[in-house]
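Work through the exercises below with the sequence and the model at hand, and try each task before reading its solution.

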Amino acid sequence: MTIMASLSAAIPLVSFSRGAKKLSSLAPVSSRTHGLNFYFLTNSPRNGNRFSVSSTMGTNGDSTGISENETAPRTYTWPDKKRPRVCILGGGFGGLYTALRLESLVWPDDKKPQVILVDQSERFVFKPMLYELLSGEVDVWEIAPRFSDLLANTGVQFFRDRVKTLQPSDHLGVNGPGSSVPGGTVLLESGFLIEYDWLVLALGAEPRLDFVPGAMEFAFPFYSLEDAIRVNEKLRKLDRRNFRDGSTIKVAVVGCGYSGVELAATISERLQDRGIVQAINVENSILPSAPAGNREAAIKVLESRKVELYLGYLVRCITKAGESEAFENLKEDERYLLELQPAERGLKSRTLEADIVLWTVGSKPLLPQVESGNIPSELPLNARGQAETDETLRVKGHPRIFALGDSSALRDSKGRLLPATAQSNLR
């Protein structure tokens, strides 16, 4: 069992987001399910034809695409002109579970929403289990099933595409929740234009490495399935080098939040006595936002796996080892130096050497560009680039738009920003 599983054992996996609850409260009659779990998702039967749109696929049976040579947008035609149209951008936990929750409710015939889910990947990624790829406990298909399989037994339409621009029209004052006027349009990079009544922003975030010199060039982010595959391949190369010459594998993990702690523990267990894992955190403790009991349990695990902790340090820069005079004679051209700067008094600057640098700190939301025409319609964003929402996760000033997870800036009654997690969103 991983550290993450141990710390969250008492918190069940939530099967739908608060945003889905608010959307579904508009007109549902009753719910025919009380929850969905990952086992159900990955084992749902397939039946019927599916419709999907992809900028990488041409027209072929049940999949439709658009030529790269086409420039004029093609408007998507919804099957039913009367039923509500819901467009969900992003197929992570927030987006997928919102779509499934809306699908699982029983509605009056003319109120059941038509749902489109848009994501740039063909696979849903169960991110809490990305670490098991590195330990060899799971295969890709087990933690990253295809959306076409997950949605095969539903009415949800899946578009594999990227969002280009968003043009909301619900900020005009005459387009509130009860209005029959469309909420706006979404333009996809493939050229499809989707008109919606309700929009859900659940695009997540991407790692931010541009604020530390050298991080963009030399560090490996650990956020997506592609990231995990790249890290695993790099570790395999280092394993082969160790088998060949017995050299110690040195791994640096930047950040000791949940992701960094889990990553450090998993890699340390994988390497055993063949390597050294160094975990760096700007705070003077690991898991600074976690309950004390969880923090103490995680520290014990890291100590048992001989992870070296460098607390109270920030990474000033990352360079190739050969670029430093002290290491100019090193033959290994893939070794790096991390210059650590004290974040607290009493600590001295340090330099760490690593064969691979894993980055788990810093992220930026992936909200789409907004086109407003002649009327201002920018989404209200906080300093982190998240959309400001009310307690129902509705974007302020936009009654037809909801924002979930990393896309949302949800605050408590005192104005404090809450974590972008399902547990916080369901309070």
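## Exercise 1: Aromatic pairs

The structure holds 12 aromatic pairs, where rings of Phe, Tyr and Trp (its six-membered ring) pair if their centres lie within 6.5 Å, and planes under 30 degrees apart count as stacked, over 60 as edge-to-face and the rest as tilted. This is a predicted model, in which local features need pLDDT of at least 70 and side-chain atom pairs count only at pLDDT 80 or more, while totals for chains, interfaces and linings use all residues. Residues are numbered from 1 along each chain as its sequence is written, and side-chain values use heavy atoms, with hydrogens and water left out.

Task: classify the pair formed by the rings of Tyr-76 and Trp-78.

Solution. A pair of aromatic rings is described by the distance of the centres and the angle of the planes. For Tyr-76 and Trp-78 the centres are 5.3 Å apart and the planes stand at 75°, so the pair is edge-to-face. Both residues are also buried (under 20% relative accessible area with a 1.4 Å probe, protein chains only; exposed means over 50%, partly exposed in between).

## Exercise 2: Helix α4

Task: find how the span of α4 compares with the expected one, and how many of its residues are buried.

Solution. Begin with the extent of the helix (a DSSP run of H or I, at least four residues, numbered from the N terminus): α4 covers residues 93–104, which makes 12 residues. From first to last C-alpha it reaches 16 Å, close to the 16 Å expected at 1.5 Å a residue (1.5 Å times one less than the number of residues). Turning to burial, 10 of the 12 residues are buried, so α4 is largely enclosed by the rest of the structure; among them are Gly-95, Tyr-97, Arg-101 and Glu-103. Tyr-97 also belongs to a cluster linked by ring pairs, together with Phe-93, Phe-124, Phe-126, Phe-147 and Phe-158.

## Exercise 3: The surroundings of Thr-154

Task: decide whether Thr-154 is buried or exposed, and locate the backbone atoms beside its side chain.

Solution. Thr-154 sits in the loop between α7 (147–150) and β8 (157–160), the latter being a strand (a DSSP run of E, at least two residues). Its relative accessible area is 16%, so Thr-154 is buried. A polar atom of its side chain lies 2.8 Å from the backbone oxygen of Leu-151, and the backbone nitrogen of Val-156 lies 3.2 Å from a polar atom of that side chain.

Notes:
Polar contact = N/O pair within 3.5 Å; in protein donor to acceptor, adjacent residues only side chain to side chain.
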